Amino acid sequence: MMITARALNRATLSRQLLLEREPLTVPAGVRRVVALQAQHPASPYLALWNRLTGFAPAELDAAFTGRSVVKATLMRITLHAVHAEDYPAFRTAMQPTLYASRLGPRFAVAGLTPADADELVPELLAFARRPRTSAEMQAWAEERLGGEKKDAAWWGLKAYAPLHHAPTDAPWSFGLRPSFVAAGTGPMPAGRTVEPLALRTLILRYLAGFGPASVADVAQFAMVQRAPVRAALRALDGAVEQLQGPDGCTLFDLPGASRPPAETPAPPRLMAMWDSILLAYADRSRVIPPAYRPWVIRRNGDVLPTLLVDGRVAGVWRPAHGGIEATAFHPLSPAVWDGLAAEAQSLTALLSDREVAVYSRYHHWWTKLPEAEVRML
């Protein structure tokens, strides 16, 4: 079976609840979309506002506090908010990647080895049975290892150890000074071994939220090597089906998963910084026109808040002068501008209760944008 580029786009929008907001609880919504990028504390809130009917930020506050939704270093070695029931398998599947990225040269320069890390992790988790600040964690590392090793030790362990970020501050549950608490999910595997069952679980969850997808897409989403991804997909024979993508590549998907017709309308949206749909694929042209990618995804990794029009990035937005400033990279119809204005009114109301000037530290990127139509919404 073949699938067109536009149909792939609609499949992503459907599974990510972007064709129509749905009346789900926050934990159920997070479970449906699999993982929310959480580098900026506001982004999971804005992501759910885009996806859930009548989203109440206080419900996400409560989910973080009650740990039905958890924030941790996971896919692509970056912060994500995920359903608590998904965390153990996701963390186990990420083990080889976290091992390689955090216990390598920087760890070794301080005279530490991966074996040291595996010995330290249980002690660290015992110390983090209650929330601990970064300063407390560094003090623990200094007491345990000495001043020369503490910085490298904590840099490696804060991502390698199974730790959740603990809520600390308004307006978005997590402040600029993070606190950490043990995940409390039991022992995690040591070393760099790929745990096949956990990787298969991660792949099935990824396909549920982002499929159809290629081996390269899965590897990009998780930052896992392609060889184990291929092996996991072979082991899932019968649980997944294959399609032919628009460029002839093989795509994998769950049988019966939502794949709306290519002509399905897609409403305009104001997407959060680092929204998952912008980063979950090796081929990001599914959502981002290639010509716009350098303007949206900056070289340092910042991913600007975007206008989504007909399911694809059409520009960027930022709060300004009590409203939303929208910059369109190509001409938009009056009906689209009206739709964006309605979204902006809703977003402005949400921000007015939390942080009116959200993402203001990234405004310097607007000087790098090309000539474009700018409107206040």
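**A hairpin and some aromatic rings**

Reader: Hi! In the hairpin of β10 and β11, which residue takes a positive phi?
Author: Asp-310 does, with a phi near 55°. That hairpin has 2 residues between its strands. Keep in mind that this is a predicted model.

Reader: Are the side chains of β10 buried or exposed?
Author: Buried, on both faces: Thr-306 and Leu-308 lie on one side, Leu-307 and Val-309 on the other. In a regular strand, side chains alternate between the two faces of the sheet.

Reader: Switching topic: how many aromatic pairs are there in the whole structure?
Author: A search finds 16. One of them is Phe-64 with Phe-174, an edge-to-face pair at 4.9 Å centre to centre with 80° between the planes.

Reader: Where do those two sit in the chain?
Author: In distant parts, 110 residues apart: Phe-64 is in helix α4, while Phe-174 is in the loop between β5 and β6.

Reader: Last one! Which ring does the charged end of Arg-132 sit over?
Author: The ring of Phe-127, at 3.8 Å from its centre. Elsewhere, Arg-21 lies over the face of Trp-49, 5.1 Å from the ring centre.

Conventions:
Residues numbered from 1 in each chain as written. Predicted model: local features only at pLDDT ≥ 70, side-chain atom pairs only at ≥ 80, totals over all residues. Heavy atoms only, no water. Buried < 20%, exposed > 50% of the residue type's maximum accessible area, 1.4 Å probe, protein only. Helix = DSSP H or I, 4+ residues; strand = E, 2+ residues; numbered from the N terminus. Pairing = 2+ DSSP bridges. Phe/Tyr/Trp six-rings, centres within 6.5 Å; stacked < 30°, edge-to-face > 60°. Lys NZ or Arg CZ within 6 Å of the ring centre and 35° of its normal.
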